[in-house]
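Here are some notes on the chain for a colleague who has not seen it before. They are meant to be read beside the structure.

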Amino acid sequence: MMRKGECRKRSTLDKMLRARAREETDLRSTMKELINIIVQKTGISEENAEKAVQVMLGFLKAKLPTPLASQLDSFLSTRPTVVSPVAVGAQA
């Protein structure tokens with residue numbers, strides 16, 4: 001039983017899960033910030049800005065050297081909040 005004022009030590013798994021949740025929140029926040037910048041600077045709708053970001057990610061994956069493209073793909077695929085990039089040249 002814990003006494004008042006004592007802290008329970010967190011497990012390594014708990015720490016990892018909390019860190020991952022922070023990373024996902026940071027990524028969501030960064031993507032939202034990028035979309036907002038595109039909306040402000042171009043005047044296009046938020047929906048079209050999201051599509052532009054997806055196309056850009058697809059373009060980067062296609063143009064980057066294979067090791068970097070796979071790292072980008074791995075980074076994005078571990079974050080369920082990010083929409084998969086559409087193929088370069090696809091109709092938006």
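1. A definition comes before the rest. A nonpolar core is a set of buried Ala, Val, Leu, Ile, Met, Phe, Trp, Tyr and Cys residues joined through side-chain atoms within 4.5 Å, where buried means under 20% relative accessible area. The model discussed here is predicted.

2. Overall make-up. The chain has three helices and zero strands, and along the sequence the pattern reads α-α-α. Of its 92 residues, 16% count as buried. The exposed surface comes to about 7400 Å², and carbon and sulfur atoms supply 56% of that area. Among contacts with a separation of 6 or more, 51% are between residues 24 or more positions apart.

3. The core. Which residues make up the largest nonpolar core? There are nine: Leu27, Met31, Ile35, Ile38, Ala49, Val53, Leu57, Leu72 and Leu76. The elements giving two or more residues to this core are α1 (12-42), α2 (46-63) and α3 (66-77). Helix α1 gives the largest share, four residues. As a general background, nonpolar side chains in soluble globular proteins tend to be buried together.

4. A nonpolar patch. Met56, Phe59 and Leu60 form a nonpolar patch on the surface, and their accessible area together is about 240 Å². Leu60 has its place in helix α2. Leu60 counts as partly exposed because its relative accessibility is 31%, and buried would require under 20%.

5. Asp73 and Lys61. Asp73 lies in helix α3. At 35% relative accessibility, Asp73 counts as partly exposed. The C-alpha atoms of Asp73 and Lys61 are separated by 7.2 Å, with the two residues twelve apart along the chain.

6. How many salt bridges does the structure hold? It holds two. Glu46 forms one with Lys32, and the closest N and O atoms are 2.4 Å apart. Glu46 lies in helix α2 and Lys32 in helix α1, so this pair ties together parts that are 14 residues apart in sequence. Both ends are partly exposed: Glu46 has a relative accessible area of 35%, and Lys32 has 37%.

7. Salt bridge within a helix. Glu47 pairs with Lys51 in a salt bridge whose closest N and O atoms are 3.5 Å apart. Glu47 and Lys51 both lie in helix α2, four residues apart, which is about one turn of the helix. Is Glu47 exposed or buried? Glu47 counts as exposed, because its relative accessibility is 52% and the cut-off for exposed is over 50%. Lys51, with a relative accessible area of 25%, is partly exposed.

Definitions and conventions: Residues are numbered from 1 along each chain as its sequence is written. This is a predicted model: local features need pLDDT of at least 70, side-chain atom pairs count only at pLDDT 80 or more; totals for chains, interfaces and linings use all residues. Side-chain values use heavy atoms; hydrogens and water are left out. Buried means under 20% relative accessible area, exposed over 50%, partly exposed in between (1.4 Å probe, protein chains only). Contact means heavy atoms within 4.5 Å. Accessible areas come from the Shrake-Rupley method with a 1.4 Å probe; for residues, only the protein chains shown count as cover. Patches are made of residues with over 30% relative accessible area and no salt bridge: like charges are joined within 9 Å, nonpolar side chains (Val, Leu, Ile, Met, Phe, Trp, Tyr) within 5 Å. A salt bridge is a side-chain nitrogen of Lys or Arg within 4 Å of a carboxyl oxygen of Asp or Glu.
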